[in-house]
Amino acid sequence: STLELHGRVSGILLTKYDQLMKSPGFIPCQKSIHLIDAITWAAWKDRLLAERLMAKTREIIVFLKENNNHWEETLWWMIAWNFGLKVNSETFQEIARSIPLRIIATEKYQIHRIEALLCGQAGLLDCEFAEDYPKMLQKEYRFIKKKYGLKPVSQKLVFLRMRPSNFPTVRLAQLAMLVHETQHLFSRIRSASSLNELKCCLQVTANDYWHYHYLFDEPTAFRKKKLGEQMVDNIITNTFIPILFAYGDQLATYSYKNKALEWLNDIQAEKNSITKSFEVLGIVNKNAFDSQALLQLKKEYCDPKKCLDCMIWNKLINNFSGP
């Protein structure tokens, strides 16, 4: 049998929907989105954030299956991904996966050994160096590589069109210092009673060599390579909170999930091209809770134009077809 819709759907609605699908802007409904009330936005953001955190939980479950349900190892993989930023995230995670946590635990007490491990696995110690520090790292890496039978990663790091403070050399040095200075980081995340405790865990500065360098063998003016406030918030938002939420979900312990949500409300809003474009349209972006919801909206609904599944579009439809 066939259901005939001719004459049963408003021509105005069909025209609006057709215009929406052909819209070339940042989001399909950008010309009308200012009509949406705060109550609708609040409800939709709650659902968007829940979807985003559950999607990340599913990714974390995949990691746990790969490493025999080892939460600390999973955190190691995730935090490395985060330190790589968008351009080098996959390579950084490949580096982390290539160095089991048991090796990290053995070597972490000497900062130059951790740096040698990370930079060596990244392929950054394959050159001829003039300065003593990279020569020393190179020597340490050759010994550690042979000791543990390590194989460097295949992916190459990207430096092009990056600010020097975000160079993968600097980020690897900061990651090495974080590993060197912290113990049982996942346990600290679980037991933290305030957001400030998490931020204290991330107050790291790359070792002295990097005060005068962004790259090996290329001296620069003095500048401490401290992990910036924006990067600290980024790591908490995209690594610490998702793994805490996933842990609470797996244990069916709502206190962990609630703590994760509360912390998102207390972290400054993420500033990137997507959140800034929503702000231009008048959409509230006051904290990381809002930012994560807006990123989910753009990626999962606006870009693939799943407008019929979007609470915003359904509210607009009601406005278009009002009395």
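Mentor: Let's start with a term: a cavity is a set of grid points where a 1.4 Å probe fits but cannot get out. Keep in mind that we are reading a predicted model.

Trainee: Thanks! What does rolling a probe over the atoms show?

Mentor: Rolling a probe the size of a water molecule shows where empty space is left. Here, the count comes to 1 cavity of 30 Å³ or more. About 100 Å³ of space lies in the largest cavity.

Trainee: How do the lining residues of the largest cavity divide by class?

Mentor: There are 11 nonpolar residues, no polar ones and 1 charged.

Trainee: Let's turn to pockets. What volume does the second largest pocket have?

Mentor: A pocket, unlike a cavity, is an open set of points. The second largest pocket has a volume of about 360 Å³. It has 15 lining residues, and those closest to its centre are Glu72, Leu101, Lys108, Thr182 and His184.

Trainee: Which helices supply at least two residues each to that lining?

Mentor: Helix H3 (71–83), helix H5 (101–107) and H8 each do. H3 gives the most, with 4 residues. By class, the lining of this pocket has 10 nonpolar, 3 polar and 2 charged residues.

Trainee: H8 makes me curious about helix packing. At what angle do the axes of H4 and H8 cross?

Mentor: For a pair of helices, look at the approach of the axes, then the angle, then the handedness. The axes of H4 (residues 85–98) and H8 (residues 168–181) come within 11 Å and cross at roughly 50 degrees. Angles under 35 degrees count as roughly parallel, and 65 to 115 as roughly perpendicular, so H4 and H8 are oblique to each other. H4 passes H8 in a right-handed crossing.

Trainee: Which residues make the contact?

Mentor: On the H4 side they are Leu85, Asn88, Phe92 and Ile95, and H8 brings Pro168, Arg171 and Leu172. Sorted by class, this contact has 5 nonpolar, 1 polar and 1 charged residues.

How values were computed: Residues numbered from 1 in each chain as written. Predicted model: local features only at pLDDT ≥ 70, side-chain atom pairs only at ≥ 80, totals over all residues. Heavy atoms only, no water. Axes fitted to C-alpha atoms, helices over the stretch in contact; angles between N-to-C directions. Parallel < 35°, antiparallel > 145°, perpendicular 65-115°, else oblique. Left-handed = near helix turned anticlockwise from the far one by under 90°. Contact = heavy atoms within 4.5 Å. Nonpolar A, V, L, I, M, F, W, Y, C, P; charged D, E, K, R; others polar. 1 Å grid on protein atoms, 1.4 Å probe; cavity = no way out; pocket = protein on both sides within 12 Å on 5 of 7 lines; lining within 4 Å. Points joined across faces, edges and corners; volume = space filled by probe spheres on them.
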